[in-house]
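Dear colleague,

I am passing on the structure that we talked about, together with some notes on its sheet and helices. Please have it open while you read, as the notes follow the chain element by element.

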Amino acid sequence: MSSKDIKQQNEMPEILKEGIRRNRIFSTYLFIGPGGSGKLEAATNLAKAVNCLGENNKPCGICLSCNKINSQVHPDVFFVEPKDGVSSIGIDQIREVISRANLKPYEGKSKVFIINNANSMNIQASNAFLKTLEEPPENTIFILISPSKELLLSTIVSRCHMIRFFTGEAIKMKAKGKDAGVYPDREALKENLEFLISFFRDIFLYKIIKNEKSLFHRDKLGKIKDKAAQLTQGELDYLIKKLITLRSYIDYNVNPRIIMDVLANEIKRKAGSSYKETNARNSTGKAAGSR
Ligand SMILES: [Zn+2]
């Protein structure tokens, strides 16, 4: 197995990995998060996992099925996105998805339809999709990918099992932003703030009940334990409330640059610089200095 395969297998939120381990896979998923947060990689890995011919640790990344999906030639795994030169996914494409979904898998265990940029489905395509998403055919999985749920019809969102993806890039950009004049867009900032809120909630929860089973970010248990030891309950409570307030500013159209400045100052003051590392996907794993 190449290092690329190993990296690709890791491109999956813990909640999805656990679903695969327990064989609890939903028929309709909505993956939301900013560009670069690994949504398409995770969707591809899920398609591999459900069709993998390996014995355990699915997806193995090396069996015939995994290889075919990697090369996008597996007859039961379909990648759908706007056609060349067109900005939206049209009703003809969704009709084709529906008719293929009603056929039995050709060689795999499940047919998987990955609708990339599902937010670009036009209104006719979205409406045509509703009934199939409501009652998906047997052995079929639909994975819709979008930067945010607000870009889709609420009737589509309500039919899907939503999984959020996050990136550390927006926060990291802050450090460079002062010189380069680069700041994250509103949507990326919102996703990052939501990540930080849920992460600090986990630290707070762990500090109080010391039970890792109830945590959302169990894949970051080491960092959660470190921070729980470093920060007091009062400090965590303050930080979470501050983050929630900042998150609400986005809806009031406050300039993301101002939000980033406040966020950076507050967290630096209360939690030291290690939050950046916590939120960075490609962390080196080394503990940052204490506060
Ligand atoms: Zn495999």
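Which residues in α3 are buried? In α3 the buried residues are K39, A42, A43, T44, N45, L46, A47, K48, A49, V50 and N51, where buried means that 20 or more other C-beta atoms, placed from the backbone, lie within 10 Å of the residue's own. Please keep in mind that this is a predicted model, in which local features need pLDDT of at least 70 and side-chain atom pairs count only at pLDDT 80 or more, while totals for chains, interfaces and linings use all residues. Residues are numbered from 1 along each chain as its sequence is written.

Helix α3 covers residues 39–51 and reaches 19 Å from its first C-alpha to its last, close to the 18 Å expected, the expected span being 1.5 Å times one less than the number of residues. Helices (H or I, at least four residues) and strands (E, at least two) are DSSP runs, numbered from the N terminus.

The sheet is open and has five strands in the order β2-β3-β4-β1-β5, with parallel pairing; two strands count as paired if DSSP finds at least two bridges between them. Because β2 and β5 (161–164) stand at the edges with a single partner strand each, one side of each is left without a neighbour in the sheet. Neighbouring strands are turned by 20° against each other on average, direction ignored, with axes taken as lines fitted to C-alpha atoms, for helices over the stretch in contact, and angles running from 0 to 180 degrees between N-to-C directions.

Strand β3 (residues 111–115) is largely enclosed by the rest of the structure, because five of its five residues are buried. K111, F113 and I115 lie on one side and V112 and I114 on the other. β3 pairs with β2 (residues 77–80) over four bridges, and F113 is the bridge partner of F78. From β2 the chain crosses through helix α5 (residues 91–101) to β3 in a right-handed β-α-β crossover, that is, with the strands pointing away from the viewer, the path from the first strand over the helix to the second runs clockwise.

With β4 (residues 140–146), β3 pairs over five bridges, and I114 stands opposite I143. A right-handed β-α-β unit is made by β3, helix α6 (residues 123–134) and β4. Strand β1 (residues 28–32) also pairs with β4 over five bridges, and Y29 stands opposite I143. α3 packs on this sheet, touching β1, β2, β3 and β4, and its direction makes about 170° with that of β4; contact here means C-beta atoms, placed from the backbone, within 7 Å.

With best wishes

Methods: A residue is buried if 20 or more other C-beta atoms lie within 10 Å of its own, exposed if 12 or fewer, and partly exposed in between; C-beta atoms are placed from the backbone. Two residues are in contact if their C-beta atoms, placed from the backbone, lie within 7 Å.
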